[in-house]
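How do two copies of a chain meet, and how are they related? This short report takes up the interface, the symmetry and the domains.

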Protein chains: 2
Amino acid sequence: MLKIDGQRLWASLMEMAKVGGTPAGGCRRLALTKEDAAGRALFSQWCVAAGMTVSVDRIGNLFARRAGLDDDAPAVASGSHLDTQPEGGRFDGVYGVLAALEVVRTLNDANIRTRKPIEIVVWTNEEGARFTPAMLGSATFTGAIPLETALQTRDAANVTVADALSATGYDGARAVPGIAFDAYFEAHIEQGPVLEESGIPIGVVTGGQAIRWLDVRVRGQAAHAGTTPMKYRRDALFASADMASALEHLAKDFAPRGLVTIGEWHIRNASRNTIAADLTFTVDLRHPDDAQIASMHALLCERFEAIAAKRGLSVEISPHWISPSTPFDPACITAVAEAVQALGYPNQRIVSGAGHDAINLAKYCPTAMIFIPCVDGLSHNEAEDALPEDVSRGADVLLHAMLSRAGQVKH
Amino acid sequence: MLKIDGQRLWASLMEMAKVGGTPAGGCRRLALTKEDAAGRALFSQWCVAAGMTVSVDRIGNLFARRAGLDDDAPAVASGSHLDTQPEGGRFDGVYGVLAALEVVRTLNDANIRTRKPIEIVVWTNEEGARFTPAMLGSATFTGAIPLETALQTRDAANVTVADALSATGYDGARAVPGIAFDAYFEAHIEQGPVLEESGIPIGVVTGGQAIRWLDVRVRGQAAHAGTTPMKYRRDALFASADMASALEHLAKDFAPRGLVTIGEWHIRNASRNTIAADLTFTVDLRHPDDAQIASMHALLCERFEAIAAKRGLSVEISPHWISPSTPFDPACITAVAEAVQALGYPNQRIVSGAGHDAINLAKYCPTAMIFIPCVDGLSHNEAEDALPEDVSRGADVLLHAMLSRAGQVKH
């Protein structure tokens, strides 16, 4: 059975890692900076060498096309992103882009033509570390964000996406929203510990989980820490600590798939000897099932309000962002599942915990993802790592999933 | 029985409140600013009009002296401070200074001379809002802080105390540490709700409680909120919430005199969808009894460490400031208690929850304090308020406590 060239893929990953490489062994290629542009240029050069045609759309998404025998048919696409976190790793995003390139190189070596064309996509600003929101390029491609809004998005230095695109030469001509693909496959490191813990090299991703971001504000009364008896206090800190404990407890009723996180916590006018009066914290809820996450949300409100009422404080719980679960396309999932089975690699179904461009694409055209383990589940970290054999196996699966969809033409 | 002139005292308080008065009805006279200097000038003018002699020491403490028959005897002193919080009130500190002035005015009106001299003191930078530490003037007077250290203390704009003293003309000549007083009495609003709740106008203050300020640092592991199963997490936020709840619970075993507050709470590199890995928070412990606060501290360490160990995180608990309890002088307390009894005002013994210049003085010479209620227990607030009858009664008590100590000379 046809397999990709693992050494070549690994060598390309390491070559790309030098672009914006950090002393600690990670990468810093923030979206549409000169490092990102250098990474794109290297990738484009490799694509041209592999006989592909390169084009860019108006939000800077970069497409490399390998013609199909039926070249007017919608393309079978794969890709991910080359931009990184400020202290990012060598695999997040890059792996999906270079695995797709390795698929094309392998088809070239084996002299295989496909019925449908193949496109590799580098999506603009996936990380959201320079411009928010994250996944800006794929959201604009799929029409979820209007082009004008995307172009006027500003970074912390007040530079617009439009300016950054023209400064790097990635203000392309291809129209957005783009033409829907026949199918979109994205290979990615898991960015979590599940596959590694199970010793399983391939995750067949069935979709993205639902996410709810909430803002919680607890208001009590400021008072002097030394002169106010405990019984007269309306302490927003202790009330919020109670809510946090209630939230962690609530997650147990939704284990193991329900996830809860409090990532930010801020006391207004905080002072060591003043009772906290105005405290805000964020809640990140996740669950693969929309009904279950709605139930988590409702229970959270009920329990937080009960805590506030009991303590004579007020609590406001506001939704900041609500994202329903995103099931992937059954046919695309099957294509991945059959490829991995044919290759004989151990595998399991998995839900994507993080956001990916594929989550945007899934609302627009048939989509699926392939996960490989990452060492210690670590990502968004300069120490991010993956094993060469897992990197190879994931690209093998991508090769056969794409081939099955694109249609191999017999010689 | 001799009483002070309540209307005159109230009028002086309202006149002083105009100096640095804020639109919301509070005061802004930060230490050694031109507003503070204007307040001191007004006070000095009143003292001179009352026949007193004004002098200033090297840290800017301002003394107004009324001669005694035995003028070489150590003075019976009273005072407080005229500086305020950035959004301070009309009574905190000011009340103690002007109540002492009213005592002298009353003695003048009644043609009473005392055996020992009387001094009124305005202590420099009590609030600590411009220069830290708070109570700088009384600490320098009593030798707790060396003069050079105090003079080189800088505000947020990098101005030294020495420069601020010379800019306002309060770089006086009187030596520090100063000559110990025969006795020091300080009248102050309670800054808490205890007297008001009990409907009692006078608190006979028996001392300052012990204070321990701790810094707690909890370290777990950063990970992605969407991809990390709950069971693999080492979440510093939920661990800290547990510690906060344990602390609040611990306070119940030391009720009602044990006080616990978490005033500051900071997550390093906080992000909505990242599990907190490095969290610091402060703890403020108070108890009138040194053995009890030591036991609170020990139990806190035990419980926090148990929580960290159970969750596989680390916790460091570092003392930031340890201040033992400060008992006031039994004879001075008795002088206050006998004065209030003779006047027939309802009263109760009370421990000072906050820091005061009197806490510094108590380590240097016989000291006691008199508390009056403040409306809603509110202080450090532009809405800070006190009832005219309580203001009068507190000054009556001060008058008789000082007279008993200074010795009224019969005509």
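The sections below go through the model, the contact, the symmetry and the domains.

## Model and numbering

This is a predicted model: local features need pLDDT of at least 70, side-chain atom pairs count only at pLDDT 80 or more, and totals for chains, interfaces and linings use all residues. Residues are numbered from 1 along each chain as its sequence is written, while chains are lettered from A and ligands numbered from 1 in the order in which they are written.

## The contact

Chain A gives 48 residues to the contact, and chain B gives 49 residues. Two residues are in contact if their C-beta atoms, placed from the backbone, lie within 7 Å.

Several elements of chain A each supply at least two residues to the side that touches chain B, among them strand 8 (210-219) and strand 11 (278-287). Helix 8 of chain A brings the largest share, 8 residues. Helices (H or I, at least four residues) and strands (E, at least two) are DSSP runs, numbered from the N terminus.

## Symmetry

A rotation of 180° with 0.1 Å of shift along its axis superposes chain A on chain B, with an RMSD of 0.1 Å. The two copies are thus related as by a two-fold rotation axis. Ala241(A) has the C-alpha nearest the axis in chain A, 2.2 Å from it.

## Domains

Chain A is divided into domain 1 (6-208 + 326-409) and domain 2 (210-323). These bounds come from an automatic or database domain assignment. Taken over C-alpha atoms, the centres of domain 1 and domain 2 of chain A are separated by 37 Å.

Definitions and conventions: Least-squares fit on C-alpha atoms with pLDDT ≥ 70 in both.
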